[in-house]
Amino acid sequence: MADDKSKRDSRDRDRVSADDDYEVQYFAKKAGITPQQVKDLIAKHGNNRATLEREAKAIGKR
């Protein structure tokens, strides 16, 4: 089920959902990596945004 975008609060802003394509696309664009790389990172490290940002930055340095 899709998120209700009219209800905004900070409950899940520290997470990236692999099930929501718009979140994956947004994170991929922001981090400069592919959506598949985002999904791989989520599978490997979980969906904590701070961890994913750190790992995405490491991919960019390779």
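This is a predicted model: local features need pLDDT of at least 70, side-chain atom pairs count only at pLDDT 80 or more; totals for chains, interfaces and linings use all residues.
Visitor: What share of the protein chain is buried?
Guide: Buried means under 20% relative accessible area, exposed over 50%, and partly exposed in between (1.4 Å probe, protein chains only). Of the 62 residues, 26% are buried.

Visitor: Which residues of helix 1 are buried?
Guide: Glu23, Val24, Phe27 and Ala28. They cover an arc of only 130° around the axis, which puts them on the same side of helix 1. The arc is that of the directions from the helix axis to the C-beta atoms. Tyr26, Lys29 and Lys30 are exposed, on the face turned away from the buried side of helix 1. Helix 2 and helix 3 are among what covers the buried residues of helix 1.

Visitor: What follows helix 1?
Guide: Gly32, with a positive phi near 75°.

Visitor: Which residues of helix 2 are buried?
Guide: Val38, Leu41 and Ile42. Their arc is only 100° around the axis, which puts them on the same side of helix 2. Exposed Ala43 and Lys44 sit on the face turned away from that buried side. The buried residues of helix 2 pack against helix 1 (21–31) and helix 3. After helix 2 comes Gly46, whose phi is positive, near 90°.

Visitor: At what angle do helix 1 and helix 2 pack?
Guide: Axes are lines fitted to C-alpha atoms, for helices over the stretch in contact, and angles run from 0 to 180 degrees between N-to-C directions. Angles under 35 degrees count as roughly parallel, over 145 as roughly antiparallel, 65 to 115 as roughly perpendicular and the rest as oblique. Helix 1 and helix 2 pack at about 105°, with axes 8 Å apart. They are therefore roughly perpendicular to each other.

Visitor: Which residues of helix 1 and helix 2 meet?
Guide: Contact means heavy atoms within 4.5 Å. From helix 1 come Asp21, Val24, Gln25, Phe27 and Ala28; from helix 2, Pro35, Val38 and Lys39. This contact has five nonpolar, one polar and two charged residues. Ala, Val, Leu, Ile, Met, Phe, Trp, Tyr, Cys and Pro count as nonpolar, Asp, Glu, Lys and Arg as charged, and the others, Gly among them, as polar.

Visitor: How far apart are the axes of helix 2 and helix 3?
Guide: The axes of helix 2 (residues 35–45) and helix 3 (residues 49–61) are 10 Å apart, at an angle of about 125°. That makes helix 2 oblique to helix 3. Gln37, Leu41, Ile42 and His45 in helix 2 meet Thr51, Leu52, Glu55, Ala56 and Ile59 in helix 3. These residues divide into five nonpolar, three polar and one charged.

Visitor: Is Ala50 buried or exposed?
Guide: Ala50 lies in helix 3. At 52% relative accessibility, Ala50 counts as exposed. Ala50 and Asp14 are 36 residues apart in sequence, and 7.2 Å apart in space, C-alpha to C-alpha.

Note on methods: Residues are numbered from 1 along each chain as its sequence is written. Side-chain values use heavy atoms; hydrogens and water are left out. Helices (H or I, at least four residues) and strands (E, at least two) are DSSP runs, numbered from the N terminus.
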